[in-house]
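Me: I would like to learn how to read a structure like this one. Please show it, and we will go through its features.

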Amino acid sequence: MPRTRPAPLPRELPDVGTVRRRARKGTGLVVALLGLPFAVGGMVRSGAAVGLVTGPLAFLC
């Protein structure tokens, strides 16, 4: 079994502010997608159908 080499690091690592900003955006996106079925379900009478579509999408993300 051949050994794999680790991927090289980029020449310049991003600063802490950029890393935190990206983490906050990602966390916000995941929270919004997980809450979407509940928000849409309250507005639409057939919320179960909408939840069945958005629930798996949020889980995959």
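Me: In which helix does Gly55 lie?

Reply: Helices (H or I, at least four residues) and strands (E, at least two) are DSSP runs, numbered from the N terminus. Gly55 lies in helix H2. This is a predicted model: local features need pLDDT of at least 70, side-chain atom pairs count only at pLDDT 80 or more, and totals for chains, interfaces and linings use all residues. Residues are numbered from 1 along each chain as its sequence is written, and side-chain values use heavy atoms, without hydrogens and water.

Me: How many helices and strands does the protein chain have?

Reply: Two helices and zero strands. H1 covers residues 16-43. H2 covers residues 47-60.

Me: Why does Gly55 count as partly exposed?

Reply: Buried means under 20% relative accessible area, exposed over 50%, partly exposed in between (1.4 Å probe, protein chains only). Gly55 has 26% relative accessibility, so it counts as partly exposed. Its C-alpha atom is 8.0 Å from that of Leu36, 19 residues apart along the chain.

Me: Is Phe59 buried or exposed?

Reply: Phe59 is exposed, because its relative accessibility is 72%. Phe59 is also in helix H2.

Me: What percentage of the protein chain counts as buried?

Reply: Of its 61 residues, 13% count as buried.

Me: Where is Lys25, and how exposed is it?

Reply: Lys25 lies in helix H1. Its relative accessibility is 61%, so Lys25 counts as exposed.
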